[in-house]
Amino acid sequence: MLKDGVVVKENERIDDLERNGYHIIQDPDRFCFGMDAVLLSGFARVKDGATVLDLGTGTGIIPILLEAKTGAAHLTGLEIQADSADMARRSVCLNGLEKKIDIVTGDIKEAGERFKAASFDVITCNPPYMIGQHGLKNPEDAKAIARHEILCTLEDVVAQTARLLKPGGSFFMVHRPFRLAEIMVVLRAYKLEPKRMQMIYPFVDKEPNMVLIEARRGGRPRMTVEKPLIVYREPGVYMPEIYDIYGY
């Protein structure tokens, strides 16, 4: 199928992002973006004219949303899975963003060799959350790669970020609270100082299930903990802040 001159393959669908008229191509059998990516795009602070790199971009959701929400000069998405990178490129074309967004197929662990050192103002990442491959039936499955540390670890992400960020540049990441102690240790080991943190709660009476973190290359020790973000008022009904982030 062709949509505005862009090929949409069998099993793929086109989803409306409710931002600037943008759409994204996804394959439900592989991996579709979740709320964590949308929340990260709302948490990230990108100044006008900034250069942005998204590590493990998947189908390109974060660069596309950041292009819609910010005045970034240029955005790059790095993705190791060729099929996902191909979908991301086609989504970029579908939205007419070829001059603003590049999608590069490559390994996060080799990002420092692919891009010039200290060349990005902002780096974002929605990394695999789960440690190792325990319980996985097919470690080569696209969904498994997105969720488990099969092809890269937290330290891989942080090490490459430290190499590619400009001095004073910011790193934005969404992760799981159960790994928060490890995250802080690894960030500081690579001279990325945690500066902002926000916990995400599914409901007001539940434990947090996501954490948003900003770290700055070479920043001074002082971190702001922002007020909690509650996702649902009741099952199926978002809190007003979530509707704002989504742009509804």
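1. Glu12 is buried, its relative accessible area being 15% (buried means under 20% relative accessible area, exposed over 50%, partly exposed in between, with a 1.4 Å probe and protein chains only). This residue lies in the loop between strand 2 (6–7) and strand 3; helices (H or I, at least four residues) and strands (E, at least two) are DSSP runs, numbered from the N terminus.

2. The model is predicted: local features need pLDDT of at least 70, side-chain atom pairs count only at pLDDT 80 or more, and totals for chains, interfaces and linings use all residues. Residues are numbered from 1 along each chain as its sequence is written, and side-chain values use heavy atoms, with hydrogens and water left out.

3. Glu18, in the loop between strand 3 (13–16) and strand 4 (23–26), is not a glycine, yet has a positive phi of about 60°. Most residues other than glycine have a negative phi. Glu18 is partly exposed, at a relative accessible area of 42%.

4. Ala118 also deserves a remark: its phi is positive, near 50°, in a residue other than glycine. The loop that holds Ala118 runs between helix 4 (111–114) and strand 8 (120–125). With 31% relative accessibility, Ala118 counts as partly exposed.
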